[in-house]
Amino acid sequence: MSSQTFLAALTGSFSTPCADNPTVAMIEAAYRHHDMNARYINCDVKADGLADAVRGAVAMGWAGFNCSIPHKIAVLAHLDGLAESAAIIGAVNCVVIRDGKLTGENTDGKGFLESLSGVTDPNGKNFCLLGAGGAARAIAVELALAGARHLTIVNRDAARGKDIAGLINDKTAAEATFQPWTERFAIPRDADVLINATSVGLGDAEAMPDIDPDSLRHGMVVADVIPNPPRTALLRAAEAQGCTTLDGLGMLVNQGVISVRLWFGQDVDATVMARQLQDIFGVART
């Protein structure tokens, strides 16, 4: 009898909108490269369909799934348990399904931190973080645990921004303060690193977070979590001011590596994923 099987392990992503999310191409490139009998399905799941989507993944025997906007916090209600970091962060972007039980993990902050390490060491640095959603929360926690000195959380919804600042102050050795996001927000002069952790710019190369571009200083590191397009309006403005820039591709690649490891216990080649994204977005290969 042949050992060949026509039943692939299933993984995927639940988010909306999702047409601009290249994760499917990136992870399937890794599956092909490593001859893994697995598939990744990009699913447009509205907020009121999340519970059904999760039940469906369990019913179909999925190995796990990623979840993105707007499900990173809402998915908590549908899980059986949380990994330690996800419990601290209070948001999940990766779910592992084993024996019908769902465990929430968070790779947002870890993926970003790995990418950031290529341009600067977060230890002792001052950060300005735009946004207070699931990605912002995860990044803030990981930066604090990595030795960041101070984080300024900037958000229009004061309650959410103050919540992240409080979490950092209560659970880590770092300090954090909240600042309301006013029109053309000026980046604090003592900020070493600016991070856009909002969805502004996703799928729109001209969309720019409402900040004063003149407050971007030469030598500042400016990072954007947006992977598509990788060269966002914010990063172009930062380059014009002499900043060191970091796009969202590295964060996305590192998240994918961690997700596959969680689902299958296998490490995949990050360069294969990075090249796939570079080809998609027309970025020169490094």
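Predicted model: local features only at pLDDT ≥ 70, side-chain atom pairs only at ≥ 80, totals over all residues.
View 1. Strands are DSSP runs of E with at least two residues, helices are runs of H or I with at least four, both numbered from the N terminus, and two strands pair if DSSP finds at least two bridges between them. Strand β3 (residues 64-67) runs antiparallel to strand β5 (residues 94-98) and is joined to β5 by three bridges, with G64 standing opposite V96. Axes are lines fitted to C-alpha atoms, for helices over the stretch in contact, and angles run from 0 to 180 degrees between N-to-C directions.

The numbering of residues starts from 1 along each chain as its sequence is written. Local features need pLDDT of at least 70 and side-chain atom pairs count only at pLDDT 80 or more, whereas totals for chains, interfaces and linings use all residues; side-chain values use heavy atoms, with hydrogens and water left out.

View 2. An open sheet of six strands, paired in parallel, has the order β9-β8-β7-β10-β11-β12. Because β9 (175-180) and β12 (244-246) stand at the edges with a single partner strand each, one side of each is left without a neighbour in the sheet. On average, and with direction ignored, neighbouring strands of this sheet are turned by 20° against each other. Strands β7 (residues 126-130) and β8 (residues 150-155) run parallel and are joined by five bridges, with C128 opposite T152 in β8. Helix α5 (residues 134-145) lies across β7, β8 and β10 (193-196), running at about 170° to β7. Helix α7 (residues 233-240) packs on the sheet by touching β10, β11 (221-224) and β12, and its direction makes about 170° with that of β11.

View 3. N196 lies in strand β10 and is buried, with a relative accessible area of 0%. Buried means under 20% relative accessible area, exposed over 50%, and partly exposed in between (1.4 Å probe, protein chains only). Leaving aside neighbours within four places in sequence, N196 is in contact, meaning heavy atoms within 4.5 Å, with L130, P209, A223, D224, V225, I226 and L234.

**View 4. The packing of α1 on α9.** Helix α1 (residues 23-33) and helix α9 (residues 270-281) pack at an angle of about 135°, with their axes 8 Å apart. That angle makes α1 oblique to α9, since angles under 35 degrees count as roughly parallel, over 145 as roughly antiparallel, 65 to 115 as roughly perpendicular and the rest as oblique. Residues of α1, including M26, I27 and A30, meet V272, M273, Q276, L277 and I280 in α9.

View 5. Most residues other than glycine have a negative phi, and most peptide bonds are trans. The peptide bond from T16 to P17 is cis, with omega near -5°, and P17 lies in the loop between β1 and α1. A cis bond also links N228 to P229, with omega near 0°, in which P229 belongs to the loop between β11 and α7. D99, in the loop between β5 and β6, has a positive phi near 55° and counts as exposed at 81% relative accessibility. R184, in the loop between β9 and β10, has a positive phi of about 50° and counts as partly exposed at 44%.
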